[in-house]
Amino acid sequence: MEVSVENLTKSYGFQKAVDNISFKVDTGEIVGFLGPNGAGKTTTMKIITCFMGSNDGDVKVGGVSVQANPEEVKRHIGYLPETNPLYKDMPVIDYLRFVAEIQNVPKAKIRERILEMVNVCGLKGEKYKKINELSRGYQQRVGLAQAMIHDPEVLILDEPTSGLDPNQIVEIRELIKKIGREKTVILSSHILAEVEATCDRILIINKGKLVADGTASSLRKQAQNKEIVKVTIEDGTNEEIYRSLQSLETVEIVDILPHYTQAFEVQSKADMNSRKAIFRLCVEKGWALTEMTPVERKLEEVFRDLTITN
Amino acid sequence: MNKIWIITKRELRSFFDSLMAYVMIVLFLGFSGFFTWIFGSDIFLVGQASLQSFFGISFWTLFFFIPAITMGLLAEEQKSGTIELLVTKPVSDWQIIIGKFLAAFLLICITLALTIPYYITVANIGKIDHSAVLMGYLGLLFMSASYISIGLFTSSITSNQIVAFLGALFIGIFFHLIFSLISSGFGGWIARLLGYLSLSTHYESMARGVIDSKDIIYFLSIIFAGLLGTELVLSRRHGSN
């Protein structure tokens, strides 16, 4: 079931939390929502899940508008809010039963679904405990379990792995990936590595505006139109090599890497390629070129560029 | 309908799990029993086989107890954020509101059902007017429903249970006492209007065993107004501002 957000705008007073955002998520796609605090991620999710209304624009889930028919939309969505609110005075299993009933899970299947969720989310030993007796991580698992109990077509997870231990994070990521093969998943996170590991596509949002949309590698490329290579050369002196590299036509900047011996980072001018020239230079001078590797920009840098400069 | 019942069931369970329901029932039975049988103008002093003194006491005890039941219904959900979970499930705001209303109402029904032994006892002592007793209970139920609806409304406008409790008492006291007090100081249409607005007038006429469509309409209007107010507050989150 696809989710399409069309020109969505939402303001709190004078402040625009979400400013004319449009994007589309297809079935079988896991989309990661990235952005600094207060960028509008949570607000967008709240509008998709019909918790909030928007000032302008619309969200369609499987072609159904959240404004026109919220009840139909809500049936297909599983939602884990950022603060993970739960009825803390209820035992885990009763809580899951309540959610299953309210989500229209057929009576005959409720028991089976609860057991499955308890297994999948690793709640076996805790299922009879009251939720407020559980640790933060276990409460997060309960939150995930309630979001998935009705096997929703669309899963919206606001920071799903917060409070989990590393083992559980890996398990939950695998679970999300598995679900994402057939369902539509939108998740937000502050952890870039997590988004990169789990998501097919990344949306970066800043000050309510969508600033980037693409796969992790395409985002890197997009932000990096200048080629950077790391070069290590034996023979010659640091200074000589530096000067020769700098004199190459296609090279913009050469950096001497401080913790290596005779290693340099060579940045080419925009849309140019210096690798051949560097190789020829070494041949000419009789130096041994022992390493030449392209330097990939980290997603963190891409993120910082996109969200600080605006 | 099914959705409403799911919500009602959960609320009722949480009343009983949190001991709130037991405290309520014990206090209510304690108060009403004490004043009906032992102290003040109790049944033996009055010397009539009627439950008038019980209805008179319950009129006040329920007035104070109902806000305590309703104060958490929505305020607590707004404070803990669970309201976000609830409204993003496939239920309408009305289903949530009516579900919660019914839960509080059923708790009152259970409490009042436990006073039926009073009726049986009195009926065995002397000749009791059965229809008056029935009407008295009906009046209590209507009054309770009205205050639950007001309490639900004040619970929706805040995330602080104390504010919800005091707010419900504040609005309630006008219907319970103040309107009828003021109306005696006026004449003409103002007195009639305030007299009509006073809940005690309608309750008393029912407790005397008289049923009038005017009274029923009055109670239903208050219930509806409270629920509508709650719905307006809840749906404010969809607002475009």
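User: Over how many bridges do strand E11 (residues 228–234) of chain A and E14(A) pair?
Analyst: This is a predicted model, in which local features need pLDDT of at least 70 and side-chain atom pairs count only at pLDDT 80 or more, while totals for chains, interfaces and linings use all residues. Residues are numbered from 1 along each chain as its sequence is written, chains are lettered from A and ligands numbered from 1 in the order in which they are written. Helices (H or I, at least four residues) and strands (E, at least two) are DSSP runs numbered from the N terminus, and two strands pair if DSSP finds at least two bridges between them. E11(A) and E14(A) run in the antiparallel sense, and their pairing extends over 6 bridges.

User: Which strands stand at the edges of the open sheet of chain A?
Analyst: The open sheet has 4 strands in the order E12-E13-E11-E14 (chain A), paired antiparallel. Each edge strand has a single partner, so one side of it is left without a neighbour in the sheet; these strands are E12 (251–256) and E14 (288–294) of chain A.

User: What angle does the direction of helix H9 (residues 238–247) of chain A make with that of E12(A)?
Analyst: Axes are lines fitted to C-alpha atoms, for helices over the stretch in contact, and angles run from 0 to 180 degrees between N-to-C directions. Helix H9(A) packs on the sheet, touching E11, E12 and strand E13 (263–268) of chain A (contact: C-beta atoms, placed from the backbone, within 7 Å), and its direction makes with that of E12(A) an angle of about 160 degrees.

User: Which element gives the most to the side of chain B that touches chain A?
Analyst: The contact takes 21 residues from chain B and 21 residues from chain A. On the chain B side, the elements that give two or more residues are helix H1 (2–17) and helix H5 (82–87). With 5 residues, the element that gives the most is H1(B).

User: How are H8(B) and H9(B) oriented to each other?
Analyst: Helix H8 (residues 130–156) and helix H9 (residues 161–183) of chain B pack at an angle of about 135 degrees, with their axes 8 Å apart. Angles under 35 degrees count as roughly parallel, over 145 as roughly antiparallel, 65 to 115 as roughly perpendicular and the rest as oblique. The orientation of H8(B) and H9(B) is therefore oblique.

Notes:
Two residues are in contact if their C-beta atoms, placed from the backbone, lie within 7 Å.
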